Each structure stands twice: as structure tokens, then as C-alpha cells.
Amino acid sequence: MDKQKQDQLKKEAAIKAAAMVKPNSVLGVGTGSTVAFFIDALGQRKEKENFSLKHIVTTSNRSKKQLESLGFKVDELADIDQADLTVDGADRVDDNLDGIKGGGGALTLEKNVAVNSKKIVWIVDESKLVHHLGGFALPVEILPISCEQNFKRFEKEGLKPQWRLDENGKRYVTHYGNYIIDLAIDPIPVPDGLADYLDHTVGVVEHGLFLNMCDKVIIAHSDGTIEE
Ligand code: 5RP
């Protein structure tokens, strides 16, 4: 699928999700190119319907800046109790609505907002769909202090670690000053086993396996249909 077509699909899924947002609710907003279309659509609703939200929390400075440029006030997660709804993108989604996230490097805040949301909706184009999780290297946010040891440990475990690099070829640094190691294991044979292993590995801040979290996926297909 070419980029123009893919962007069109992302936009369609985003517009559908923006229509689901209830006025005066607490909204969580994710990160990524699909979410950028969602924020635009939300801005258009704000203009047309003059609706407002009780609180908005977001998962990256990119999304925060975009929301603020459209006149939304953005709060910190610590300022709210729970989001009523969080809308986010995903890198891969399987048949059980489990996903890989973190392609944009915002996985830690994304997971924290997700677990503090009553309802989670992902917006994707059909290229993100898989029957079994894989097809995208799994992002793992890692503390710099023990990153070399963890990299070697992942190598020994056969997880095919790769340092994520920035546009200057330097190690990518997250919002929290950590590194990202992408695990190129594909497919992921037992996602919950790997999630458990990573959850118990000292030095791992967060990983991009989002299991049993998503309530609904809005999928834009290239034949023009939108599936929910
Ligand atoms: C960022 C994410 C994004 O939601 C994911 O990478 C999808 O991005 P895009 O909508 O640009 O394809 O997890 O950390």
C-alpha cells in the first residue's frame, strides 16, 4: 500500500474515533501519525460543535503540542483519576486485540495512560493486522545504567536485540532519558511469556506488548470499509 493510501485509511479510522468522544469527558490521547489525524479531527469537532472536554491527557510532547495548537488544554496524568476513553494507534494488532506498540518511542507513557483508562480504542489501517503478534520489532525501554548487560542478556535469550538509533545515528533517548532496544524476534512465539519475562527483568522500564488492554479496534480497510 502506498503512503498516500495508507494516510487516507489512517485518517478515516481517526475521524470515526473522534466521533466517539463524548463532550465533557476525560480523554487520553496517544501518539503517532494516526493519532495526529485523530487530533485534527477532534479539533474540527471542537470548531463545529464547540464541544469541550473535562480533561485531556496525552502520551508525548508531539501530541501535546498539536492539541495545544488547536486550543485544547492538556493536563498531566497525575492530575486526573482515570480517562473515560483513550484513543491510540498501534504497530501491530492480532486476532485477540493484543498489540505491539512503541514504534514512536512513547510506550511507557502510552501504557501508563492505557492502564488508567476505562476504555481503550486503537485506530489502525489494515496493514497493522496480524493473526499472531509479530512483523514488527518489539520496543523495550531500558535504563541506561544496565543497558549493556541487558542487551547481552537479550542476545543470549535469542531475542535479536537492536539498539534504536535517532536521525544522527546516536542511541535514541526517550522522554524519560532511557534507551530503546528493539527485539527483532518474529513472530513472538508466546507473547504473554515474553511480557512476563520482560516485566521481571531489572533495568526494563517498559515494553511494547500491550496484552488484554484494548477494548475496540477501528480498522480502515483499503476496500473503503471501516470495521469496529
Ligand atoms: C507510538 C506508538 C504508535 O501508536 C504506533 O507506533 C503507531 O504509529 P502510527 O500511527 O504512526 O503508525 O505506539 O509509540
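At roughly how many degrees do the axes of α2 and helix α3 cross? Before we select them, note that this is a predicted model: local features need pLDDT of at least 70, side-chain atom pairs count only at pLDDT 80 or more, and totals for chains, interfaces and linings use all residues. Residues are numbered from 1 along each chain as its sequence is written.

Start by selecting α2 (33–49) and α3 (residues 61–69); helices are DSSP runs of H or I with at least four residues, numbered from the N terminus. Their axes come within 10 Å and cross at roughly 15 degrees, where axes are lines fitted to C-alpha atoms over the stretch in contact and angles run from 0 to 180 degrees between N-to-C directions. The two helices are therefore roughly parallel, a term for angles under 35 degrees. Now show Val35, Ala36 and Ile39 of α2 with Ser63, Gln66 and Leu67 of α3, which make the contact (C-beta atoms, placed from the backbone, within 7 Å).

Next, pick the ligand. Its shell has 17 residues, the closest being Gly32, Thr34, Gly89, Gly103 and Gly104; a residue belongs if its C-beta atom, placed from the backbone, lies within 6 Å. Here α2 turns up again: α2 and α4 (107–115) each supply at least two residues of this shell.

Finally, move to the open sheet, ordered β4-β5-β11 with antiparallel pairing. Strands are DSSP E runs of at least two residues, and two of them pair if DSSP finds at least two bridges between them. At the edges sit β4 (92–93) and β11 (209–210), each pairing on one side only. Select Ile100 to find its bridge partner in β11, Leu209.

How values were computed:
Parallel < 35°, antiparallel > 145°, perpendicular 65-115°, else oblique. Contact = placed C-beta atoms within 7 Å.
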